[in-house]
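User: I would like to learn how to read helix packing and domain contacts in a model. Could you walk me through it?

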Amino acid sequence: MKNMAHRLLKIRNNVNTDYIISGRYKFRIRDPKELAKHLFEDIEKDFIKKLKKGDFLVSGENFGCGSSREQAPQALKAAGIAAVVAKSFARIFYRNALNLGLCLVECNTNYIDDGDELELDLGANVLKNKSKGLNITLKPVSPLAQMVLAEGGMIEYFKKHGGLIGGA
Amino acid sequence: MKQTIAEKILSAHAGRELKAGDTAICDVDFCLGQDGTSSLIIESFEKLGTSKPHNASKFAMFIDHSAPSPNVGTSTIHKLMRSFARKHSFKIYDVGCGICHQLMVEDGALTCGDLVLGADSHTCTYGALNIFSTGVGSTDLAITLASGKNWFRVPETIKIIVSGKLAPGVYAKDVILRIIKDMTSQGANYKALEYGGNTVDRLTLSGRFTMANMSVEMGAKCGIFEADKKVLDWIKARSKSKPRQVTADEKAVYTDVKEYDVSSLSPQVSMPHEVDNVAPVEEVAGTPIDEAFIGTCTNGRTEDLAVAAKILKNKKVHPGVKLLIGPASKQVFLEAAKKGYIDVLVKAGAAVLGPGCGPCVGTHNGVLADGEKAISTANRNFQGRMGNPSAEIFLASPATVACSAIEGKISDPRAFSKRLK
């Protein structure tokens with residue numbers, strides 16, 4: 001995966017799920033592609049226009065805090081985002097993204113600017129910032145999360161294994 | 001092994017001894033969804049291919065966030081929920097019943113020591129009843145609906161000790177806003193909070209629900225209280241199940257211990273657009289407001305309406321302000337009517353909404369215009385939360401909101417100390 005980084009310009013940290021997708025839309029729109037058209041509308045109206053399929057969304061601490069709405073990762077996935085890259089994720093959002101098979105990457109994002117070209121190598125556990133010639137090491141992903149992601153999400157995992165398996 | 005309350009409850013539901021950092025599959029005692037999350041629960045449940053819920057008596061759906069429906073899209077979701085509930089024979093609380101978190105603690109489905117999942121981030125409210133309850137997304141909820149289980153990472157615990165006698169006009173809401181200011185909106189991410197101290201001991205259950213409710217605003221997975229006599233009395237009066245009180249071991253391991261002396265605490269106000277952007281009321285007093293809202297799962301209980309009624313008795317809401325009252329449940333509404341609070345509030349000029357979440361999520365019941373400012377007893381003031389990104393939201397206690405509604409600007413409820421003693 002090699003594509004462009006996009007950062008929300010006004011809010012570096014604590015991007016909550018209301019900002020990802022407003023409550024106004026989650027109640028009346030059920031098609032994820034339609035929802036995706038309203039991503040970040042309340043805080044940066046034109047942000048969605050910059051996103052191309054396969055691009056990266058880059059943020060700071062505590063991305064996805066607040067409401068438990070799964071429409072947030074659902075809309076990000078529908079927009080074609082390859083991965084959300086952040087210093088840390090709020091826990092409900094983290095689980096929701098994992099369950100939907102949306103890739104989340106935790107690492108130091110201080111040296112990623114809006115418009116940088118990124119390449120993600122999950123096997124080598126590294127995010128390459130091609131524009132700056134930097135290799136950024138990723139925080140390791142738990143074995144359970146790896147298994148769920150490998151199946152493409154929790155529904156596929158659950159169906160394949162006939163439920164939740166083992167002592168986790 | 002010495003354990004925290006969170007470690008003990010998860011251990012009891014996993015059937016093995018767990019410590020912070022472990023991951024385990026646990027049996028879940030109850031789970032729920034609301035109208036903002038249930039259409040996705042239904043979708044995910046149907047994708048799982050399970051023919052029926054693992055146990056329909058341990059599941060409920062609530063139509064509360066946007067109820068009654070303001071548009072066709074929402075009505076379609078409500079209809080889908082009703083038909084799913086009929087198909088699988090589980091309880092649905094329809095328009096007019098109230099907010100899921102208030103109904104969950106009123107209706108006796110829960111008891112001390114339970115493990116509860118809700119597809120709503122404020123599910124942590126039941127921590128006040130010595131319950132490990134936490135918010136999840138819709139797919140996680142569907143997994144539990146289908147299997148009766150889910151996986152948990154056992155959280156580290158931060159102990160929060162609050163001591164000192166609160167001054168008249170200062171409430172549990174002010175205490176939790178002060179704690180959030182200190183902890184920040186990510187200070188407890190992935191962690192459990194355990195609340196204690198003599199202030200907490202003196203608080204009513206209503207005040208403890210307010211504190212537990214806002215635990216998620218610090219990122220916490222849950223915010224748990226010990227089961228004292230008040231908790232046990234509450235459970236005995238409502239629940240059929242025996243309480244399984246859980247106390248922390250004396251030498252349990254805490255990742256941090258925070259102590260707060262609230263004896264000289266001022267009423268607190270959370271300013272736009274982040275919940276942890278908190279200041280004492282003295283610093284924001286005088287800010288003009290257009291709307292005042294008393295309600296929600298944070299502060300829409302009888303006690304909250306009682307405080308508002310004390311302040312508004314024989315007073316009038318400022319002509320430039322709309323005051324909205326949202327009783328958290330049908331029972332709260334009836335109690336408040338019986339005690340005369342509704343009478344006082346309506347005569348003062350308030351509009352009383354049906355039981356439910358009201359304008360908190362910005363879908364109906366009081367959407368703000370561009371440039372308008374609201375003061376609300378809710379738990380979130382994110383930009384756009386009340387339906388308009390060009391409006392501003394301040395969060396405060398019912399007392400602060402009520403006196404601000406009279407003055408037309410953010411005001412210090414201690415001016416009404418005599419009425420509040």
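This is a predicted model: local features need pLDDT of at least 70, side-chain atom pairs count only at pLDDT 80 or more; totals for chains, interfaces and linings use all residues.

User: At what angle do α5 and α6 of chain A pack?

Analyst: For a helix pair, begin with the angle and the axis distance. Helix α5 (residues 71–78) of chain A packs against helix α6 (residues 91–100) of chain A at about 45°, and their axes are 9 Å apart.

User: Why are α5(A) and α6(A) called oblique to each other?

Analyst: Angles under 35 degrees count as roughly parallel and 65 to 115 as roughly perpendicular, so this pair is oblique. The crossing of α5(A) past α6(A) is right-handed.

User: Which residues of α5(A) and α6(A) meet?

Analyst: From α5(A) come Ala72(A), Pro73(A), Gln74(A) and Lys77(A), which meet Phe93(A), Asn96(A), Ala97(A) and Leu100(A) of α6(A). Sorted by class, this contact has 5 nonpolar, 2 polar and 1 charged residues.

User: Now the domains. How is chain B divided?

Analyst: With domains, look at the bounds, then at what each side gives. Chain B has domain 1 (5–260) and domain 2 (271–420), with C-alpha centres 24 Å apart. Domain 1 of chain B gives 34 residues to the contact and domain 2 of chain B gives 33.

User: Which element gives the largest share of the domain 1 side in chain B?

Analyst: That is α6(B), with 6 residues. The elements giving two or more residues to this side are α4 (100–106), α6 (172–183) and α8 (205–213) of chain B. By class, the domain 1 side of chain B that touches domain 2 has 11 nonpolar, 16 polar and 7 charged residues.

Note on methods: Residues are numbered from 1 along each chain as its sequence is written. Chains are lettered from A and ligands numbered from 1 in the order in which they are written. Axes are lines fitted to C-alpha atoms, for helices over the stretch in contact, and angles run from 0 to 180 degrees between N-to-C directions. Helices (H or I, at least four residues) and strands (E, at least two) are DSSP runs, numbered from the N terminus. Angles under 35 degrees count as roughly parallel, over 145 as roughly antiparallel, 65 to 115 as roughly perpendicular and the rest as oblique. A crossing is left-handed if the near helix is turned anticlockwise from the far one by less than a right angle, and right-handed if clockwise. Two residues are in contact if their C-beta atoms, placed from the backbone, lie within 7 Å. Ala, Val, Leu, Ile, Met, Phe, Trp, Tyr, Cys and Pro count as nonpolar, Asp, Glu, Lys and Arg as charged, and the others, Gly among them, as polar. Domain bounds come from an automatic or database domain assignment.
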